[in-house]
Amino acid sequence: RFICIYPAYLNNKKTIAEGRRIPIDKAVENPTSTEIQDVCAAVGFNVLLEKNKMYPREWNRDVQYRGRVRIQLKQDDGNPCLPQFPTRE
């Protein structure tokens, strides 16, 4: 019931081929996994940070690009954890 978010998904310096998944006007410059974790935790999501994971398409192995955030969107019974976010969109 957890989804994975890599910093490359939100990076406006990346192309879609390099892994960006949102429109460039909504993306931010070089987000880190801890920043993503802080924002999601402030909203109220159940968040796990996996610092040693890397996005498979990431060619740069620097510490800045490491990390994966796992966010619980739905409970075990299928209901959303937060009613204001019923889907991942």
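N46 stands opposite Q72 of strand β3, in a predicted model whose strands (DSSP runs of E, at least two residues) and helices (runs of H or I, at least four residues) are numbered from the N terminus. Strand β2 is joined to β3 (residues 68–72) by five bridges, and these two strands run antiparallel, where pairing requires that DSSP find at least two bridges between two strands. Together, three strands make up an open sheet with antiparallel pairing, in the order β1-β3-β2. Its edge strands, β1 (2–5) and β2 (46–50), each pair on one side only. From one strand to the next, the twist averages 25 degrees, with axes taken as lines fitted to C-alpha atoms, for helices over the stretch in contact, and angles running from 0 to 180 degrees between N-to-C directions. The model being predicted, local features need pLDDT of at least 70 and side-chain atom pairs count only at pLDDT 80 or more, whereas totals for chains, interfaces and linings use all residues. Residues are numbered from 1 along each chain as its sequence is written, and side-chain values use heavy atoms, with hydrogens and water left out.

Helix α1 (residues 33–43) lies across β1, β2 and β3 and runs at about 170 degrees to β2. Within α1, the residues S33, I36 and C40 are buried (under 20% relative accessible area, with exposed meaning over 50% and partly exposed in between, for a 1.4 Å probe and protein chains only). These residues lie on the same side of α1 because they cover an arc of only 60 degrees around the axis, the arc being that of the directions from the helix axis to the C-beta atoms. The buried residues of α1 pack against β1, β2 and β3, while D38, V39 and A42, on the other side of the helix, are exposed. Just after α1, G44 adopts a positive phi of about 120 degrees.

S33, which is placed in helix α1, counts as buried because its relative accessibility is 4%. With neighbours within four places in sequence left aside, S33 is in contact (heavy atoms within 4.5 Å) with P7, L49, R66, G67, R68 and V69. Under the same exclusion of sequence neighbours within four places, C40 is in contact with F45, V47 and I71.

The largest nonpolar core has 14 residues, and those with the most contacts inside it are I5, C40, F45 and I71; such a core is a set of buried Ala, Val, Leu, Ile, Met, Phe, Trp, Tyr and Cys residues joined through side-chain atoms within 4.5 Å. At least two residues of this core are supplied by each of β1, α1 and β3.
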